[in-house]
Every structure is written in C-alpha cells, then in structure tokens.
Amino acid sequence: MHLILLANVAATLLMTGVIWMVQVVHYPLFALVGREQFPAYEYAHSASITLLVMPLMLVELGTAFLLALNPPPGLDRLTPWLGLGLAAATWGVTLFFSIPAHNTLSGGFDAAAHAALVSSNWLRTLAWTAHSGLVLYWLGRLLG
C-alpha cells in the first residue's frame with residue numbers, strides 16, 4: 001500500500017508542477033501565436049501535452065481510488081476520499097471544459113475559447129494544488 005501512496009504522491013506533485021507551468025506560462029502564450037500558425041501550434045500542444053499528462057493523470061486517479069478503498073495504516077479513512085474527489089475534479093474539468101476549449105481552438109485561435117480555457121484551468125490548478133497539500137500532509141503524518 002505504501003508504493004501506491006508514493007505513486008499517488010509522485011503523480012499528484014508532478015501534475016501540480018505541470019498545471020502551474022501551463023496556467024501561468026503556456027496558456028497565456030497562446031494569444032501570441034500568429035493566426036496562420038495557431039492550428040498547427042494547438043495540434044502540437046495537444047498531442048505533446050497528452051503524452052505527458054495522460055499517464056500521470058491515470059496513475060493519480062487509479063492510486064487515489066485504491067487509497068480511498070484501502071488507506072495505509074496511519075491514515076484516516078476520510079481524507080483519501082477527499083483525494084479521490086480532487087483527482088476526479090481535475091478529470092471533470094478536463095473532460096467538460098478543457099477538451100471542448102481545445103477542440104474549438106483546433107480550428108484556429110478564438111479569443112472566447114482561449115479565455116474560457118485559461119479561466120476554467122484555474123479550477124484544475126486549484127484542485128491539483130489542494131491535492132498536493134493533502135498528499136504532503138499524509139507524508140508528514142506517516143513519516144512524523
């Protein structure tokens with residue numbers, strides 16, 4: 001069970017770093033790509049970022065589910081369910097907001113879709129940040 005916890009911690013912390021970089025640096029730069037180049041840029045972004053984040057998101061969600069079902073000794077039974085809820089929230093925002101915005105942007109730069117992407121991505125950024133705080137709290141409890 002400790003390996004599952006460590007995999008969850010690693011995936012969560014890595015995704016938190018990725019999402020902050022995307023939120024603060026990468027997504028704002030979308031507005032600076034020329035209109036002619038934007039569809040190719042959006043395609044390259046989506047293909048590349050998916051290769052990076054999909055395995056991490058799957059590990060995070062899968063291990064969060066396993067931790068909720070069977071928390072390691074020393075952890076309470078409630079907070080792993082909170083961790084699963086935070087992981088599920090990132091998936092929900094991705095499926096219902098991020099992917100549709102990227103689909104719109106794949107046809108060319110659209111200021112409204114870009115604004116929706118940036119603003120809705122704050123939900124993922126906050127959820128991953130909260131999940132990181134939670135897993136660091138768990139590590140502190142288990143190591144302390």
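A: Buried means under 20% relative accessible area, and exposed means over 50%, with partly exposed in between. The model discussed here is predicted.

The largest nonpolar core has 19 residues, and those that touch the most other members are Met15, Tyr27, Phe30, Phe38, Met57, Leu105 and Leu117. At least two residues of this core come from each of helix 1 (2-29), helix 2 (38-69), helix 3 (79-105) and helix 4 (111-143). Helix 1 gives the most, with five residues.

Thr79 touches Leu134 and Trp138, when residues up to four places away in sequence are not counted. Thr79 counts as buried because its relative accessibility is 16%.

The surface has nonpolar residues too. Trp20, Met21, Val24, Val25, Leu29, Leu32, Trp122 and Leu126 form a nonpolar patch there, and together they have about 770 Å² of accessible area. Helix 1 and helix 4 each supply at least two residues of the patch, and helix 1 gives the most, with five. Val24, which lies in helix 1, counts as partly exposed because its relative accessibility is 49%.

As background, nonpolar side chains in soluble globular proteins tend to be buried together.

How values were computed
Residues numbered from 1 in each chain as written. Predicted model: local features only at pLDDT ≥ 70, side-chain atom pairs only at ≥ 80, totals over all residues. Heavy atoms only, no water. Core = buried A, V, L, I, M, F, W, Y, C linked by side-chain atoms within 4.5 Å. Buried < 20%, exposed > 50% of the residue type's maximum accessible area, 1.4 Å probe, protein only. Helix = DSSP H or I, 4+ residues; strand = E, 2+ residues; numbered from the N terminus. Contact = heavy atoms within 4.5 Å. Patch = residues over 30% accessible without salt bridge, like charges linked within 9 Å, V, L, I, M, F, W, Y side chains within 5 Å. Areas by Shrake-Rupley, 256 points an atom, 1.4 Å probe, with all protein chains shown as cover. Salt bridge = Lys/Arg side-chain N within 4 Å of Asp/Glu carboxyl O.
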